[in-house]
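Hi,

Here is the structure I said I would pass on to you. Have a look at it first, and then read on for what turned up when I went through it.

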Amino acid sequence: MGQPVIHFEVIGKDGDKLRSYYSELFGWEFGDTLGPTNYAVVPREGNTNAEGVGIGGGVGTAPEGYDGHVTFYVEVPDVGAALAKAESLGGTRMMGPDEMPEAGITIALFTDPEGHVIGLVK
C-alpha cells in the first residue's frame with residue numbers, strides 16, 4: 001500500500017490575492033493566517049465531495065525573491081528516512097526535516113529530479 005497525499009499548498013507572491021481567487025473559484029473557506037508567510041489553511045472538513053473524498057491545504061505568500069510553488073505533501077512514517085531516499089533517487093533537499101510544534105508535525109521539502117517541489121510530513 002502506498003503513502004497518501006494528505007495536504008496541498010500554493011505559495012505565491014500575494015497570498016491574500018491567491019486565497020481570494022481560490023475561494024471564489026472553488027468555494028474554499030480559509031482559517032486565520034499564520035506566521036510570516038501569511039499562510040492560511042482550508043481544512044479537509046467541509047472540503048470533500050459527497051463520498052467524503054478530499055484533502056485540506058494551505059495558501060500563503062512566498063519569501064521575497066522566491067516566485068513560489070504548488071506542491072503536495074505525502075504522509076510518511078519517518079521524514080528523515082524518506083528525505084534521504086528521495087535524495088538517493090536523484091531528488092534535492094530544500095529544507096528539513098523540521099519540527100512544527102504548533103501543528104504537531106515534522107515536515108521537509110525536496111525537489112524531484114525535474115525540479116518539482118514535494119513535501120513530506122509525519
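Threonine 61 sits in strand β3. Its side chain makes a polar contact of 3.5 Å with the side chain of asparagine 38. Setting aside neighbours within four places in sequence, threonine 61 also touches a run of other residues, including Ile11, Gly12, Lys13, Asp14 and Gly15. Do keep in mind while you look around that this is a predicted model.

How many salt bridges does a search of the whole structure find? It comes up with three.

Take lysine 13 to begin with. Its partner is aspartate 67, and the closest N and O atoms are 3.4 Å apart. Lysine 13 belongs to the loop between β1 (5-12) and α1, while aspartate 67 belongs to the loop between β3 (56-61) and β4 (69-75), so this pair ties together parts that are 54 residues apart in sequence. As for accessibility, lysine 13 is exposed, at a relative accessible area of 63%, and aspartate 67 counts as exposed too, at 55%.

Another salt bridge joins arginine 19 to aspartate 16, with 2.6 Å between the closest N and O atoms. Here both residues are in helix α1, and because they are three residues apart, about one helical turn separates them. Is arginine 19 buried or exposed? It counts as buried, with a relative accessibility of 7%. Aspartate 16, on the other hand, is partly exposed at 48%.

Then there is the salt bridge between arginine 93 and glutamate 87, where the closest N and O atoms are 2.9 Å apart. Arginine 93 is partly exposed, having a relative accessible area of 37%. Glutamate 87 also counts as partly exposed, at 31%.

While you are at helix α1 (residues 15-26), find tyrosine 21, which is located there. At 49% relative accessibility, tyrosine 21 counts as partly exposed; the cut-off for exposed is over 50%. Together with Leu25 and Phe26, Tyr21 makes a nonpolar surface patch of about 330 Å².

Next, helix α2. Which residues of α2 (residues 79-88) are buried? They are Val79, Leu83 and Ala86. These residues cover an arc of only 60° around the axis, which puts them on the same side of α2. Turn to the other side of α2 and you will see Lys85 and Ser88, which are exposed. And what covers the buried residues of α2? The cover includes three strands: β5 (92-100), β6 (105-111) and β7 (117-121).

The two ends of α2 deserve a look as well. At its start, a side-chain oxygen of aspartate 78 comes to within 3.0 Å of the backbone nitrogen of glycine 80. Just after α2, glycine 90 has a positive phi of about 110°.

Cheers

How values were computed: Residues are numbered from 1 along each chain as its sequence is written. This is a predicted model: local features need pLDDT of at least 70, side-chain atom pairs count only at pLDDT 80 or more; totals for chains, interfaces and linings use all residues. Side-chain values use heavy atoms; hydrogens and water are left out. Patches are made of residues with over 30% relative accessible area and no salt bridge: like charges are joined within 9 Å, nonpolar side chains (Val, Leu, Ile, Met, Phe, Trp, Tyr) within 5 Å. Accessible areas come from the Shrake-Rupley method with a 1.4 Å probe; for residues, only the protein chains shown count as cover. A salt bridge is a side-chain nitrogen of Lys or Arg within 4 Å of a carboxyl oxygen of Asp or Glu. Helices (H or I, at least four residues) and strands (E, at least two) are DSSP runs, numbered from the N terminus. Buried means under 20% relative accessible area, exposed over 50%, partly exposed in between (1.4 Å probe, protein chains only). The arc is that of the directions from the helix axis to the C-beta atoms. Contact means heavy atoms within 4.5 Å. A polar contact is a pair of N or O atoms within 3.5 Å; within protein, one must be able to donate a hydrogen and the other to accept it, and residues adjacent in sequence count only if both atoms are side-chain atoms.
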